[in-house]
Amino acid sequence: MKHREKYERLLKNSNGQYRYQFNWVGGGFNDIWAKNITEFKKELKRQFGNSNLSVNYNTLHKATESSAKSWDRAGDMSCW
């Protein structure tokens with residue numbers, strides 16, 4: 001069995017939801033808090049159902065603390 005050098009825990013809020021991060025087809029990125037992929041899809045439809053945006057599911061992942069920090073940093077830089 002291979003030993004993991006470093007294991008980083010996934011971000012989870014007090015409601016038991018994970019932070020799912022993803023890119024949009026054609027550019028841009030976003031995140032949604034959900035307990036599982038089914039809840040993610042429902043929340044995606046609730047928040048963005050009337051838009052013509054499409055998720056690039058190849059980029060969908062649960063966030064760790066370090067990935068969330070870099071994601072937020074990139075978002076902050078794109079706002080300026």
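Me: Let's take glutamine 17. Is glutamine 17 buried or exposed?

Reply: Glutamine 17 is buried, because its relative accessible area is 18% and the cut-off for buried is under 20%. Keep in mind that this is a predicted model.

Me: Where is the place of glutamine 17?

Reply: Glutamine 17 is in the segment before β1.

Me: And which residues does glutamine 17 touch, leaving out those up to four places away in sequence?

Reply: Leu11, Lys12, Trp33, Ala34, Lys35 and Glu39. With glutamate 39 there is also a side-chain polar contact of 3.0 Å.

Me: On to β1. How many residues of β1 are buried?

Reply: Six of the seven, so β1 is largely enclosed by the rest of the structure.

Me: What does β1 pair with?

Reply: Strand β2, residues 29–34, runs antiparallel to β1 and is joined to it by six bridges. Strand β3, residues 55–62, also pairs with β1 in the antiparallel sense, over four bridges.

Me: What lies between β1 and β2?

Reply: Four residues, and the two strands form a hairpin. In the turn, glycine 26 has a positive phi of about 95°.

Me: New topic: how many aromatic pairs are there in the whole structure?

Reply: The search finds four. One of them is tyrosine 20 with phenylalanine 40: the ring centres are 5.5 Å apart and the planes are at 45°, so this pair is tilted.

Me: Where in the chain are those two?

Reply: Tyrosine 20 is in β1 (residues 18–24) and phenylalanine 40 is in helix α1 (residues 37–48).

Me: What about phenylalanine 22 and tryptophan 24?

Reply: Those two rings form an edge-to-face pair, with 4.9 Å from centre to centre and 90° between the planes. Phenylalanine 22 is buried at 0% relative accessible area, and tryptophan 24 counts as buried at 8%.

Me: Which residues do the ring pairs link into a cluster?

Reply: Tyr20, Phe22, Trp24, Phe40 and Phe48.

Me: Last one: which lysines lie over the face of a tyrosine?

Reply: Lysine 62 lies over tyrosine 18, at 4.0 Å from the ring centre. Lysine 41 lies over tyrosine 57, at 5.7 Å from the ring centre.

Conventions:
Residues numbered from 1 in each chain as written. Predicted model: local features only at pLDDT ≥ 70, side-chain atom pairs only at ≥ 80, totals over all residues. Heavy atoms only, no water. Phe/Tyr/Trp six-rings, centres within 6.5 Å; stacked < 30°, edge-to-face > 60°. Buried < 20%, exposed > 50% of the residue type's maximum accessible area, 1.4 Å probe, protein only. Lys NZ or Arg CZ within 6 Å of the ring centre and 35° of its normal. Polar contact = N/O pair within 3.5 Å; in protein donor to acceptor, adjacent residues only side chain to side chain. Contact = heavy atoms within 4.5 Å. Pairing = 2+ DSSP bridges.
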